[in-house]
Amino acid sequence: MRNILVLGGTRFFGKRLVERLLRDADTKVTILTRGLTEDGFGRSVNRLNVNRTDTKALAEAVGDTVWDVVYDNICYSPDEAAAASHIFANTAKRYILTSSLSVYDPRSEILREADFDPESYPLRLGPKDDYSYQEGKRLAETVLLRQTAFPVAAVRFPIVLGTDDYTKRLHFHIEHVQEGQPIGVPNPQALISFIRSDEAADFLYWLGFSPLTGPVNACSDGTLTIGNILSIIGQATGQQAEVQSETADKDRSPFGIRESWYMDTAKARKADFPFLKLAEWFPDLVLELVSERNASLGHRE
């Protein structure tokens with residue numbers, strides 16, 4: 001029986017990961033959350049309701065249970081990573097940190113794992129509020145990948161999309177196009193990587209069985225420009241996007257980067273993970289979101 005702990009498993013790709021793990025009869029799944037979000041798993045999972053930033057409470061909650069894999073989807077600071085390094089030093093057989101494309105600075109060239117090296121990055125400690133999202137993830141990687149008590153893989157995901165995306169970044173673009181509102185895009189030709197939420201969950205699941213360690217890029221095959229995205233939305237809605245280089249803050253695209261921001265996945269592909277093709281699933285997702293929005297608007301009317 002495999003014993004799995006998921007820190008953050010009640011929504012989005014974390015919830016999809018738990019669903020995937022529960023399909024295995026020989027797996028016992030425990031989720032650790034603050035207990036604020038209904039997960040719908042019923043008695044199929046064990047629950048530890050605790051704020052992971054409370055180090056003492058976290059240590060007491062996990063106790064001395066041995067975990068075959070710990071998935072950490074909610075680590076945002078070096079302090080949180082340092083606490084985890086100490087708490088799981090004698091109990092984790094493998095640790096999967098959900099990191100981010102954000103550890104890289106945008107640039108015109110494709111980004112490889114070596115382009116941000118946590119092994120040589122200056123280490124600083126501190127809580128989440130002391131750092132930007134980018135810096136918090138960089139330092140969390142630095143802490144966990146330098147400790148030696150258990151093997152760690154740090155998954156660098158790009159923007160994750162899906163019908164279950166609570167951030168609604170793609171929804172933003174669809175709503176603006178349909179409502180004829182301007183969208184601020186400083187560089188419509190900037191290339192960007194994406195991954196679908198179920199694909200992200202499948203990758204995390206696969207990585208739990210893999211011997212890979214260190215940083216690992218994970219994104220769907222291919223890229224889209226912001227201009228491509230708006231064109232696809234235009235085709236799905238029958239309305240053309242009003243693109244402006246500068247707009248009010250509320251109208252700025254969440255994808256509005258000035259330089260390209262996309263990753264190479266050779267490391268994961270060499271280990272035989274089959275990524276989905278972005279060009280195949282993205283238009284279908286847009287159509288589904290447009291259909292959902294149209295149905296919702298029709299219902300309100």
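Tutor: Let's start with the term itself: rings of Phe, Tyr and Trp (its six-membered ring) pair if their centres lie within 6.5 Å, and planes under 30 degrees apart count as stacked, over 60 as edge-to-face and the rest as tilted. Keep in mind that this is a predicted model, where local features need pLDDT of at least 70, side-chain atom pairs count only at pLDDT 80 or more, and totals for chains, interfaces and linings use all residues. Residues are numbered from 1 along each chain as its sequence is written, and side-chain values use heavy atoms, with hydrogens and water left out.

Searching the whole structure turns up 17 aromatic pairs. Take Phe 12 and Phe 13: their pair is tilted, at 5.7 Å centre to centre with 50° between the planes. Both Phe 12 and Phe 13 are buried (under 20% relative accessible area; exposed is over 50%, partly exposed in between, with a 1.4 Å probe and protein chains only).

Now look at Phe 194 and Phe 255, which make an edge-to-face pair because their planes sit at 70°, with the ring centres 5.2 Å apart. This pair links distant parts of the chain, 61 residues apart: Phe 194 is in strand E10 (residues 194-196), while Phe 255 is in the loop between strand E13 (242-244) and helix H8 (266-270). Those helices (H or I, at least four residues) and strands (E, at least two) are DSSP runs, numbered from the N terminus. Phe 194 has a relative accessible area of 0%, so it is buried, and Phe 255 counts as buried at 0% too.

Back to Phe 12 and Phe 13: they belong to one aromatic cluster with Phe 157, Tyr 166, Phe 203, Trp 206, Phe 273 and Phe 275.
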